[in-house]
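Please look over the sequence and the model below before reading on.

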Amino acid sequence: MSQIIINGIMLGMSYSLIALGLTLVFGIMNIVNFAHGQMYMLGGFIIYYVYAQWGLNFFVALLFAALLLGVIGLVFEKAFFRRFLRESRRPESSMLLAIGTAKLLESVALILFGEKHRGVTPFITGVVSFMGAYIPKIKLFIFIMSFILILGLLIFIKKTSFGLALLAIVQDKEVTKLMGVDTNRLSMIGFAIGAALAGISGGLLTLSFPIYAGMGSDISIKSFIMIMIGGAGVVPGAIVGGFILGMLESFGYGFIPGSATYLLIFLLVILLLIFKPLGIMGKPGY
Amino acid sequence: MKLKKIVSVLLIFVLCIAFVSAGAQKEKVEKPDGPTLKIGVLGVMSGAGASWGLVTKYSTEAIAEMYNREGGFEIDGVKYRIEVITEDTRMDARVSRTAMEKLIHQDKIKYIVGTNIDDTTASAQPVLEAGGGMNVSYGFHKDLFKAPHYNTFLGMPTPYNSAPIIYDYTMKTYGVKTISFVARNDSDSLFDRDEGVEAARNLGLRILSHTETYEPGTTDFYPIITRIVRMNPDQIVLSGVAPGDAPLIIKVARELGFKGVISTETGQDAIILSEIAGNYANGFLSIGSASSPEFASDFMNDYMKIYSRIAGEWNDEAGTKAYALYMILQTLKIAGSKAIDDVEVFKAAVPNVKIQNPFVNRDVSLSYIGSEILGHPRQLGVPLVVNEYRNGSLETIIFETEY
């Protein structure tokens, strides 16, 4: 039982980091960024090449992943989404655009990086034992890094004027605009932060899991489930959603046949959305 | 603003023209002279399973190039240049069927390499058979190849070929008496698992668990593997495991203290095993191709060079997939030029095919097998190779041509 709980907590922390970027973009622009999983994948590949192949310091590689994905986020927002949201009258069209950008990134990754699975040898090896559970040291490192990054993001959003402005856009874009805030510029930067977070989470988790060009869709679907559980566009909701999914997966795989785990998870999500359509922490207007 | 719109539209138009011209130019440069033999490749070349279809594509292109650089492949005194036309199934049965329709009816192709999995093969079969084509599939389910499916050939050794051989080896070498299975939750992997379970039963092994599965995309294997390791089997079989998942599962099992044998009946990648599992992967048994220096002939080495140039790097799975186009061509040569447009003539020649295997540096013949299991010779007699991972590379420990 302790192994299952510990697994759930470790997994939840990683998932929360993945979900944060997606919920930020949704909150700012009301778009589900289906390319989130592909951005995660690109972050992983950047770590693979910059750290594992070229031998640069891991943290330098992680920063590079964040910056490069941030730039991709900037370009996507300015070149695709901003223009589109201004012109389009149908909200579902933005989903199609997001799916298109996902396919674009996936195809580019396939051309650039090939079809093979890649892995990064973790720089910390070994296992620690805690309350009867085994925790690989590299997973502990990922847990701590994720915690620091999530905490950093929360402090940034709550305590800096820039972060507060982003929060204001999430709550009410029109009023924020009327207050004289340059919402276009902030939206662009917010999207870039969301993309950078996806890249960082991909880069971190590559220490533990393999990466390949086609993995983005699974990550996007899981991220989507997390923000639906926690409340789309709500930053604390992403953390709650991430932990809930991590625990559900861990308990599910621990106690019921693997094939039924995600069946159960989807059923629970459906039930949750019937009774709480905005998610656990979602509020009207978000 | 209006000017910006006009400029954007013009830019897009110019880009389109540039792409189309580049494509036409490429085609103009590559269009061969003389008679052409068109070969289709149908496989998953995007998304999660891209590696399977792309390896098939690159392998076929490499074999084609080996003959095209000599002026083509000779059938009845005429050299045919081989033109490879590929279609992506996107691992979707409906897309597979549509793609097969295009290859058969639009491109007028009779000989196709692919698809990679059971459901895309099954969905495309009616189109293939009605159109008088034949294909070499990498799906494993026996029903795909048994009567009345006379036009589909199995392209490689399957779990029902390899499982008895691997388990017999581990019983004799490591004293294995108990065994557990864990499978990816998709139809191909579950079928692999069922075949492995049957082989284990027939050999008298005690099966401790065989219902554990994980969803594709699973990243945390601790919960599932903890359950299996607790039962303390002598051997854990990873049925249908993908190259990216195998090292994770191995690492988890070893970190949990598992000391027994870990094996699979699928092909694996030494590089990713090394990158993720490291020394934990030592002793891991998997299916491979005879492309190691110990077995590779000059022909295989040549093929590996060309494949590596086309694909960017070598992939051990390509050593198995080289046989598909090679066998098709050799059978056409034996059957004669009438078989180029008539698959019935091709099929009539199949029982007579017995040629020297050019890929291995020993005296081994190549023919169509499978009469015992499939009821007719509808399996390419690709050597069954079992590899053991040792310190960064895959070493061949079993090489079987009779199975």
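In chain B, H8(B) passes H9(B) in a right-handed crossing, a crossing being right-handed if the near helix is turned clockwise from the far one by less than a right angle, and left-handed if anticlockwise. The axes of H8(B) and H9(B) come within 9 Å and cross at roughly 35 degrees, where axes are lines fitted to C-alpha atoms, for helices over the stretch in contact, and angles run from 0 to 180 degrees between N-to-C directions. Ala246(B), Pro247(B), Leu248(B), Ile250(B) and Lys251(B) of H8(B) meet Ile272(B), Leu273(B), Ile276(B) and Ala277(B) of H9(B), two residues being in contact if their C-beta atoms, placed from the backbone, lie within 7 Å. The residues of this contact comprise eight nonpolar, no polar and one charged; Ala, Val, Leu, Ile, Met, Phe, Trp, Tyr, Cys and Pro count as nonpolar, Asp, Glu, Lys and Arg as charged, and the others, Gly among them, as polar. Helices (H or I, at least four residues) and strands (E, at least two) are DSSP runs, numbered from the N terminus.

This is a predicted model, in which local features need pLDDT of at least 70 and side-chain atom pairs count only at pLDDT 80 or more, while totals for chains, interfaces and linings use all residues. Residues are numbered from 1 along each chain as its sequence is written, and chains are lettered from A and ligands numbered from 1 in the order in which they are written.

Between the chains, the contact takes 33 residues from chain B and 33 residues from chain A. On the side of chain B, the elements that give two or more residues are helix H2 (50-68), strand S8 (206-214), helix H7 (222-230), helix H8 (246-255) and helix H9 (270-277). The residues on that side divide into 13 nonpolar, 14 polar and six charged.

Within chain B, an automatic or database domain assignment gives domain 1 (35-154 + 296-382) and domain 2 (159-290 + 387-400). Their centres, taken over C-alpha atoms, are separated by 28 Å, and their contact takes 15 residues from domain 1 and 13 residues from domain 2. On the domain 1 side, helix H4 (118-130) and helix H11 (318-335) of chain B are the elements that give two or more residues.

H4(B) also meets helix H3 (residues 93-106) of chain B, the two axes coming within 8 Å and crossing at roughly 35 degrees, with H3(B) passing H4(B) in a right-handed crossing. This contact is made up of six nonpolar, three polar and four charged residues.

Helix H5 (residues 159-174) of chain B has several buried residues, among them Ile166(B), Tyr167(B) and Thr170(B); a residue is buried if 20 or more other C-beta atoms lie within 10 Å of its own, exposed if 12 or fewer, and partly exposed in between, with C-beta atoms placed from the backbone. The buried residues of H5(B) pack against elements including helix H6 (187-202) and strand S10 (261-267) of chain B. After H5(B) comes Gly175(B), with a positive phi near 65 degrees.

Finally, strand S1 (residues 36-43) and strand S3 (residues 78-88) of chain B pair in the parallel sense over eight bridges, pairing being assigned if DSSP finds at least two bridges between two strands. Ile39(B) has Val84(B) in S3(B) as its bridge partner. Strand S2 (residues 73-75) of chain B runs antiparallel to S3(B), joined by three bridges, and Glu74(B) has Lys79(B) as its partner.
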